[in-house]
Amino acid sequence: MKPLNIVVCIKPVPDSRYWDRLRLDPNTKLLRREGIPIVIGSLDINAIEEALRIKEARGGKVTVISMGPANTLEILAWAYAFGVDDAVLLTDRAFAGADTLATAYSLTSGIKKIGDVDLVLLGNESLDGSTGQVGPQVAEFLGIPHVTGVEKIDFVGDDTLHVRRKIELGHMVIEAKLPITLAVTAEINEPRVPPVFGALWATEKEAKQWTVNDVEVDKERIGQGGSPTYVPEVSNIELQRRGEVLKGEPAQIARQLVEKLRADGVLPGA
Amino acid sequence: MEIEKYKGVWVFTEQREGELQEVGLEILGEARKIADKLGHELAAVLLGHNVSHLADELAAYGADKVYVADSPVLEVYRCDAYAPVLEAMINEHKPEIFLVGGTSTGMDLAPRVAAKVNTGLSAHCVGLDVDEGGCLKAQVPAFGGSIMASITCAVHRPQMATVPPGFMKKLEKDASRKAEVFNVEVKLTEKDIRTRVLEVFREEAESKPIELAETIVAGGYGIGSKENWGMLEELAATLGASVGATRPACDEGWAVQEVQMIGQSGKTVHPNLYIGVGVSGIIHHLIGIQDSKVIVAINRDAEAPIIKAADYAIVADYKEIVPALIEEFKKLGNE
């Protein structure tokens, strides 16, 4: 089968162990991520793994692309260590503050510059925003079809593939042709063991960094200014309840709880 | 974009094999209020093949208008077929607001449509409102804390949002309500569509879905291992409860995400009694359980958010508490 030119879109996400340190900036209403370590999302790793497996099976090239500030280079270095051939970072203040539409539009400009792409892979949703919107929108801007919720990819011909897509309590199998964008789920593969830390230093390759002037974009459609959605206000969610703490030995606590639940009339069969 | 030309509230009312999906009806209920507030009409958008008979049901749940796009190419959902049909409808009729249920279909379709018509889309909205200016405020919990972000799309139309199942309340069915039905001409043919569905497989749901359960025992990352998860299942069994889980517990493989995960991107539950074990209670999970009558939390960490969000909290190692609870609950059965 012919070799494929594969691009994987990855996103730096704040390490979930530090989520309690994230703050919304009261003025810009943007998430402040300063000082919070970034990591590569777990579904992004599945996407890279799948790209590498396809390349190993039929040859070709795997390029990862991301958008973000300079510290995003960390996850691109990680991707190199994982085995990708090339990495691109779209990095420019003009890209900052983008919503999903502006993000997808910007990433597409990078993918177009990479050129002649057969397959775009990404995680079905990111760990933080979890919107799952960028994949379908990148596909739209590239003018190619997409499938989300992908748990299996089988090539049945040079350009033809069967894609198993997860749906509620089941799946569907879709036949499609390259080029295509596929958003993958965790079921698609078991990623190889991540490289040991030393491998990070062993890699000599450095990601290409493209600014807004290196790609063809309509500057009205990128960054915060090019984003249709914004967050004019945030409010606290009141989810507080009684918070009555039951104390004592386990058996005492259990008895107390049963009495209270009985009084509230919420025990099954009551 | 001349946004003043955009009028009307639309809801994508998904059907599968001729059956309307519940979430579409739920959104119609909420959209009815928004349409009334704006003084606009509420339209249901129905795509499929041989589905026009569903229009009556959509009217009964609040739609003033039903747009029916009926064609063999729309029989089973494919984005490549559905998205261009919706794009054409939006460009012709110019709705102010377009709401889509957050099913596997909706999450695949809505972003593509939003990109086609170059507008904003808010994902996983758990609350909807309109401000004085008629702008939709889509409420989305922001991660990492108990904050609700109100997302607005000021200068692009339609204002789009996806809403997960279970968050909105459908209206009482009123069969006397009638809607005006419009048949949408579908020009698309099979050769315009780049994907084919070869197979659709759906498992029969084994037990009562968790969103209908009256008693739920849910476990989080704090359970620690698949072996310990068994203790949780034993607790649930003594109560005849369903077992739910947080996202991290599903990620660990202790529970099945698509049937057991509770929270913003999972199930919304409405039990009489919810017992969370080793659940820290980040906001994404909490908003899925807020309709519970009574919430019990068992967690070692007194600072875990779920402690304050619970009616009764037990700050202790669950491995000591759960066996005592099992014993106590067993006595109930013998009374």
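Two strands count as paired when DSSP finds at least two bridges between them. With that in hand, one can turn to strand β14 (residues 215-219) of chain B and strand β16 (residues 273-277) of chain B, which pair in the parallel sense over five bridges. One place to look for this pairing is Ala218(B), whose bridge partner in β16(B) is Gly276(B). For chain B the pLDDT averages 93, and 97% of the residues score at least 70. Such scores are worth checking at the start, because where pLDDT is low, the predicted coordinates should not be read in detail.

Seen along its sequence, chain B is assigned two domains, domain 1 (3-192) and domain 2 (210-334). The centres of these two domains of chain B, taken over C-alpha atoms, are separated by 33 Å. Where domain 1 of chain B meets domain 2 of chain B, ten residues of domain 1 are in contact with eight residues of domain 2. On the domain 1 side of this meeting, six of the residues are nonpolar, four are polar and none is charged.

The next step is to look between the chains, where 73 residues of chain B are in contact with 65 residues of chain A. Helix α4 (residues 104-116) of chain B gives the largest share of the chain B side, namely eight residues. By residue type, the side of chain B that touches chain A divides into 38 nonpolar, 18 polar and 17 charged residues.

Strands also cross from one chain to the other, for strand β11 (residues 170-177) of chain A is joined by six bridges to strand β13 (residues 196-202) of chain B, and the two run antiparallel. Within this pairing, Ile174(A) has Val197(B) as its bridge partner in β13(B), while Gly170(A) has Arg202(B). Inside chain A, strand β10 (residues 160-167) and β11(A) pair in the antiparallel sense over eight bridges, and Thr160(A) stands opposite Lys177(A) in β11(A). β10(A) and β11(A) form a hairpin with two residues between them, and in the turn Leu169(A) has a positive phi of about 55°.

Chain A as a whole can be described in a few figures, beginning with a secondary structure of six helices and 15 strands. Of its 270 residues, 46% count as buried. Among the contacts in chain A with a separation of 6 or more, 70% are accounted for by residues 24 or more positions apart.

Key: Residues are numbered from 1 along each chain as its sequence is written. Chains are lettered from A and ligands numbered from 1 in the order in which they are written. This is a predicted model: local features need pLDDT of at least 70, side-chain atom pairs count only at pLDDT 80 or more; totals for chains, interfaces and linings use all residues. Domain bounds come from an automatic or database domain assignment. Two residues are in contact if their C-beta atoms, placed from the backbone, lie within 7 Å. Ala, Val, Leu, Ile, Met, Phe, Trp, Tyr, Cys and Pro count as nonpolar, Asp, Glu, Lys and Arg as charged, and the others, Gly among them, as polar. Helices (H or I, at least four residues) and strands (E, at least two) are DSSP runs, numbered from the N terminus. pLDDT is the predictor's confidence in each residue, from 0 to 100. A residue is buried if 20 or more other C-beta atoms lie within 10 Å of its own, exposed if 12 or fewer, and partly exposed in between; C-beta atoms are placed from the backbone.
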